[in-house]
Amino acid sequence: MDDKKKLHILTVALDVFFKYGYKRVSMNEIAEAAGISRAGLYLYFKNKEEVFNATILHYGDLLIEEIKEGLSSKKTPEDKILYAFEVWSINNFDQSLDSPEVKEMTDSSYTFAQEAMHVSYNKLEVILISILESQSISASSLNSLSPEKLAHLLTSATRGFKIVAKNSSELREMIEDLVRIILDHYN
């Protein structure tokens, strides 16, 4: 299979899913947007759910790359973690609230792309772990949580924050408060 062609399909499918949501998109629409036949699309993906899963993974990878590229410009662990969440969760949050299609795509990802979401969040946690490990951790603290547990706590809490936050400002504030609590844990 041609990897460039598959990447093109995923990029186009991402746009189509964001525009119409998961439920209203057909394999025919994805194929048409990608400039290939429906039969050609089936050479790469067996069904819409498989396209959607691959698209969610692709989108997660794009966000991870953006985070990695921007981290070097951030000085403190707090700034790095907040930047990661700005890219991962906050930048497009208002759009997910304002657009029924984006909201439906987000909701569908938890139903139809659980494994893709899990893999993507694990990649985010790897970045957070490396940031947390850069902190000087007091080895004498017996109650200290590992960077792995703290990273998982951050990503899990943020998922919940996205359910209750009314806008990106509130989401940002909740994430900032949690990051301060987590980093105070190390000091």
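**View 1. Surroundings of Phe17 in the predicted model.** Leaving aside residues up to four places away in sequence, Phe17 touches Tyr22, Val25, Ile30, Lys48, Val51, Phe52, Thr55, Glu101 and Met105. The coordinates shown here and in the other views come from a predicted model. Phe17 is also one of three residues, together with Ile81 and Leu124, that touch the most other members of the largest nonpolar core.

**View 2. The largest nonpolar core.** This core holds 57 residues, and Phe17, Ile81 and Leu124 are the members that touch the most others within it. At least two residues of the core are supplied by each of α1, α2, α3 (38–44), α4, α5 (77–90), α8, α9 (147–164) and α10. Among these helices, α8 provides the largest share, which comes to nine residues. In soluble globular proteins, nonpolar side chains tend to be buried together.

**View 3. The salt bridge between Glu101 and Arg24.** The side chains of Glu101 and Arg24 form a salt bridge in which the closest N and O atoms are 3.7 Å apart. Glu101 belongs to helix α7 (residues 100–112), whereas Arg24 sits in the loop between α1 (3–20) and α2 (27–34), and the pair thus links distant parts of the chain, 77 residues apart.

**View 4. The salt bridge between Lys123 and Asp61.** Lys123 and Asp61 meet through their side chains in a salt bridge with an N to O distance of 2.6 Å. Because Lys123 lies in helix α8 (residues 114–133) and Asp61 in helix α4 (residues 48–71), the pair ties together parts that are 62 residues apart in sequence. Lys123 is partly exposed, with a relative accessibility of 32%, and for Asp61 the relative accessibility is 32%, so that Asp61 counts as partly exposed.

View 5. Asp177 forms a salt bridge with Arg180, and the closest N and O atoms of the pair are 3.5 Å apart. Asp177 and Arg180 are separated by about one helical turn, because they are three residues apart in helix α10 (residues 168–186). Asp177 has a relative accessible area of 38% and is therefore partly exposed, and Arg180 is likewise partly exposed, with a relative accessible area of 38%. Through salt bridges that share partners, Glu78 is joined with Asp177 and Arg180 into one network.

**View 6. The whole protein, for orientation of the close-ups.** The protein has ten helices and zero strands, and its C-alpha atoms fill a box of roughly 60 × 35 × 30 Å along the principal axes. Of its 187 residues, 43% are buried, and among the contacts with a separation of 6 or more, 72% are between residues 24 or more positions apart. The accessible surface comes to about 10200 Å², and carbon and sulfur atoms account for 53% of that area. There are 21 positive and 28 negative side chains, with the centres of the two sets 4 Å apart, and the salt bridges number six.

Notes: Residues are numbered from 1 along each chain as its sequence is written. This is a predicted model: local features need pLDDT of at least 70, side-chain atom pairs count only at pLDDT 80 or more; totals for chains, interfaces and linings use all residues. Side-chain values use heavy atoms; hydrogens and water are left out. Helices (H or I, at least four residues) and strands (E, at least two) are DSSP runs, numbered from the N terminus. Buried means under 20% relative accessible area, exposed over 50%, partly exposed in between (1.4 Å probe, protein chains only). Contact means heavy atoms within 4.5 Å. Accessible areas come from the Shrake-Rupley method with a 1.4 Å probe; for residues, only the protein chains shown count as cover. Lys and Arg count as positive and Asp and Glu as negative; His and the chain ends are not counted. The place of a charge is taken as NZ of Lys, CZ of Arg, CG of Asp or CD of Glu. A salt bridge is a side-chain nitrogen of Lys or Arg within 4 Å of a carboxyl oxygen of Asp or Glu. A nonpolar core is a set of buried Ala, Val, Leu, Ile, Met, Phe, Trp, Tyr and Cys residues joined through side-chain atoms within 4.5 Å.
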